[in-house]
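I opened the notebook for a new model today.

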Amino acid sequence: MSGVKRKRNVFNVKQKLEILQKLDNGESASSDAEDVLNEGNTVSHSAALQSVETLLDYMGQRGFDNGDITAVLKICVDIRQEMNKQQKQKRITDFLKQ
């Protein structure tokens, strides 16, 4: 086992400050920490939602077909539903840990 290297997940200063500020405000920062740790592998829901909303703005400015815009709006709804589902699961898990 001496030759095995483990990958360390290290927060940068900005990420640490954001997490500490949330903790100071009484908010949970665990989802933020998970987002940071998963940053290299996945896109967070909030980042995906922001990207899709930016795409919607672009499509609106360029006069895209309503069917295309509706399809992108559906993606927004799906992302929000998944975010809500995960937040609900986290709250239940946090409650059961107490």
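I count a salt bridge when a side-chain nitrogen of Lys or Arg lies within 4 Å of a carboxyl oxygen of Asp or Glu. I number residues from 1 along each chain as its sequence is written, and side-chain values use heavy atoms, with hydrogens and water left out. This is a predicted model, where local features need pLDDT of at least 70, side-chain atom pairs count only at pLDDT 80 or more, and totals for chains, interfaces and linings use all residues.

**Entry: confidence**

I looked up pLDDT, the predictor's confidence in each residue, from 0 to 100. The protein chain averages 75. Of its residues, 64% score at least 70. Helices here are DSSP runs (H or I, at least four residues), numbered from the N terminus. Helix 4 has the highest confidence, at a mean of 87. Helix 2 (residues 30–37) has the lowest, at 58. Where pLDDT is low, the predicted coordinates should not be read in detail.

**Entry: salt bridges**

How many salt bridges are there? I get four.

Asp94 pairs with Lys90, with 3.1 Å between the closest N and O atoms. Both residues lie in helix 4, four residues apart, about one turn. Asp94 is partly exposed at 27% relative accessibility, and Lys90 is partly exposed at 23%.

Asp78 and Lys74 form a salt bridge at 2.7 Å, N to O. They are four residues apart in helix 4, so about one helical turn separates them. Asp78 has a relative accessible area of 32% and is partly exposed.

Glu82 and Lys85 come to 3.8 Å between their closest N and O atoms. These two are three residues apart in helix 4, again about one turn. Glu82 is partly exposed at 28%. Lys85 is partly exposed at 45%.

Side chains of opposite charge can pair when their charged atoms come close.

**Entry: the core**

Nine residues make it up: Leu49, Val52, Leu56, Met59, Ile69, Val72, Cys76, Ile79 and Met83. Which helix gives the most? Helix 4 does, with five residues.

The buried residues of helix 4 are Ile69, Val72, Cys76, Ile79 and Met83. Helix 3 is among the elements that cover them. I took contact as heavy atoms within 4.5 Å. Leaving aside residues up to four places away in sequence, Cys76 touches Leu49, Val52, Glu53 and Leu56.

Ala48 sits in helix 3. Ala48 is partly exposed, at 22% relative accessible area. From Ala48 to Ile79 the C-alpha distance is 7.7 Å, across 31 residues of sequence.

I checked the span, expected to be 1.5 Å times one less than the number of residues. The 32 residues of helix 4 should span 46 Å, and the end C-alpha atoms are 46 Å apart, which agrees.

At the start of helix 4, a side-chain oxygen of Asp65 comes within 2.9 Å of the backbone nitrogen of Gly67.

Technical notes:
A nonpolar core is a set of buried Ala, Val, Leu, Ile, Met, Phe, Trp, Tyr and Cys residues joined through side-chain atoms within 4.5 Å. Buried means under 20% relative accessible area, exposed over 50%, partly exposed in between (1.4 Å probe, protein chains only). A polar contact is a pair of N or O atoms within 3.5 Å; within protein, one must be able to donate a hydrogen and the other to accept it, and residues adjacent in sequence count only if both atoms are side-chain atoms.
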